[in-house]
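Open the model in a viewer and keep the selection panel at hand.

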Amino acid sequence: MKFDTPATSNPIDQLKVVGRPTTRIEGPLKTTGRAPYAYERHDVAPNQAYGHVLGAGIGKGRVVSMETDAARAAPGVIAIVTTLDMAQLPKGKMNTAFLFGGAEIQHYHQAIAVVVAESFEQARDAAGLIRVEYARGEGRFDLTAARPQAKPVDADGKQASAEEADERVGDFEGAFARAEVTLDESYTTPDESHAMMEPHATIAAWDGGKLTIWTSTQMVAWWRRDLAITLGLKPEDVRVDSPYIGGGFGGKLFLRADAVMAALGARAAGRPVKLALARPQVANNTTHRPATIQRIRIGAGRDGRITAIAHESLSGDLPDGQPETAVSQTKLLYAGANRLIAMRLAELDLPEGNSMRAPGEAPGMMALEVAMDEMAERLGLDPVEFRILNDTQVDPSDPSRPFSQRQLIRCLREGAERFGWAQRNASPGRQRNGRWLTGLGMAAGFRNNLVVKSGARVRLGTDGMVTVETDMTDIGTGSYTIIAQTAAEMMGVGLDRVRVRLGDSDFPVSAGSGGQFGGNSSTAGVYAACVKLREAVAQRLGFNAADASFSDGEVRAGNRRVKLEEAAAAQELVAEDRIEFGDLSKRFQQSTFAGHFVEVAVDAFTGEVRVRRMLAVCAAGRILNPISARSQVIGAMTMGVGAALMEELAVDKRHGFFVNHDLAGYEVPVHADIPQQEVVFLDETDPVSSPMKAKGVGELGLCGVGAAVANAIYNATGVRVRDYPVTLDKLL
Ligand code: MOS
């Protein structure tokens, strides 16, 4: 089904199941420990051996030799494959770093061997007996030092001349020079780690030349394709199965070493092999969010209207890598006739930088929304009113492109009202209660809404059960449930009549989970397949498909009504389709919006920050399931607190690795750090986004939160910190 005209009324609008607060259909499996995660799938292949991945101990250079005799003689060892045993393996399409093979070391903890043994302990122990001789190379590990060599990159991350790469509208420099009130500040965000609970883990088994991996991935089809490329297989000879995932956050978008090393280990051992990356390898072997240095300039008239806005962002990555697109939101969030957007990318020899938790907008908003707070203060305007004054209903670079929906002003007004914003003291550092300085901060929330083609198969069984099959993943987000709700609504049955099977590459290719495109896109794919199944049901019953309605377990047309299960009583009905998106997202700008409000208390003596209250008011199209959507947003708000106050990979700039590569050293918020969080969804539908009229919401919940926290800290203390995270040493 091609979706290229705005949606009108359709069966989803019945809202008998969709849009209703629904607890997770797979929840009982998870809370009782029966949901099979990758490492725990003892039953999928017999006689599993254990693999352990050895990572390189240098950040840049070559492996000269590897001495494995002692390891091979160690108890329980079945096989060892070293990087010197094979040539450098081809990169998957989505990979920046090479995953294995050859002597070249591109980054610290790059996989250089897999040891397979009878037990996990034996594999790990033997890996420790491998002696590696390196020739250490000269690595570039410091973003600031690499800055002079940084190259301009365009919006797609391609290198180009500054003239081609930079996006200019009007005359930024002229307008900025003439502006009555200006701001020119720089902000930095650090390298960050996904820190998902479940590490990357894979069980691999070969059957002749065919490979199956049971793994933990956000993108089943990408992994199948890239694993085939890397190992020189045909995609149809690779099966990927990933029904349950203990968090991804972008770290499991792209094929990683766990899958490659399990496959190589299994081939060498002649047995299925299971392995998980050790926690330090999650930080240093996989991907991370790259650090940024961002400069923002804003010029406005005394009336508070922005006349000039510029956002320049520098980040680093391995050769052939991508920039952190921290400028994305600044193209679209505020009006202003004269604009400059520029990205610079420096080559670094740190582990691969890539998508993490709302890449682009998450760190970009941490800079832009502090700059807006600073600018409001210079203008003597309330920060909420300053944003409202500069709202735009069209793409500021191309006024012929309206936003499909943009209710930022309502989010801000409603948020201010609910949060008690009027009580804020605009003069910083004036609210004190005992040792605690308190303050309120806010930020706009913004994240673009991407749409991705997505397929599904739907079966109406002889037992009357509706079964959905798609390679869509549920990374803890609630995909199972919203997909079940969609099929139930479309087929006119209760949730108890729907089964959902996900994450298997034998199923139709879906959008997968990423970029907050998964929920809307994958349910739209299920919608498309259900439209086909409804046609098949109508045809079998001799109904005119256009007249048939499906509800309460019945199919009705004219004065006829038949129980749905009778349609398939004799033989199962199967339908498959996918949603494809036309040019609507080019004609309309699709984005999601929020107002984020935060209250903090800062210890006047120690600088310790406590978040006291948080509120997010979100506008993200139809909310398919208010319970799982709220969970997404409170999780994202929690990540925002992490980014504001604690998350930072510490770079060893001599040796090129992330030092705090575990959950003891890499701090994320825990329950005690997170107080009351409130989430409000505006009642809205977006007919341009999909037949579901929904948009992404998960990452929206994060974008802006860090700045709201930093702005609240400023309001509490009068100290403006522009280097994240805002740790207590920066406040004293
Ligand atoms: Mo998200 S960082 O695109 O998984």
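Start with the largest nonpolar core of this predicted model, which has 224 residues. Select Val115, Val116, Ala487, Cys618 and Val709, the residues with the most contacts inside this core. In soluble globular proteins, nonpolar side chains tend to be buried together.

Stay with Cys618 for the next stop. Which residues is Cys618 in contact with, leaving aside its neighbours within four places in sequence? Select Cys411, Gly445, Ala594 and Val633, then Val679, Val680, Phe681 and Leu682, and finally Val697, Leu700 and Gly701.

Next, go to the loop between strand 17 (338-347) and helix 10, where Ala358 is found. Ala358 is not a glycine, yet its phi is positive, at about 60°. Is this residue, Ala358, buried or exposed? Ala358 has 31 other C-beta atoms within 10 Å, and because 20 or more are enough to count as buried, Ala358 is buried.

Now select the loop between strand 25 (549-551) and strand 26 (554-557), which holds Asp552. Asp552 also is not a glycine and has a positive phi, of about 55°. Asp552 counts as partly exposed, because it has 13 C-beta neighbours inside 10 Å.

For the last stop, move to the segment after helix 18 (705-717) and select Pro725. Show the backbone from Tyr724 to Pro725: the peptide bond there is cis, with omega near -10°.

Note on methods. Residues numbered from 1 in each chain as written. Predicted model: local features only at pLDDT ≥ 70, side-chain atom pairs only at ≥ 80, totals over all residues. Core = buried A, V, L, I, M, F, W, Y, C linked by C-beta atoms within 7 Å. Buried ≥ 20, exposed ≤ 12 C-beta atoms within 10 Å, placed from the backbone. Contact = placed C-beta atoms within 7 Å. Helix = DSSP H or I, 4+ residues; strand = E, 2+ residues; numbered from the N terminus.
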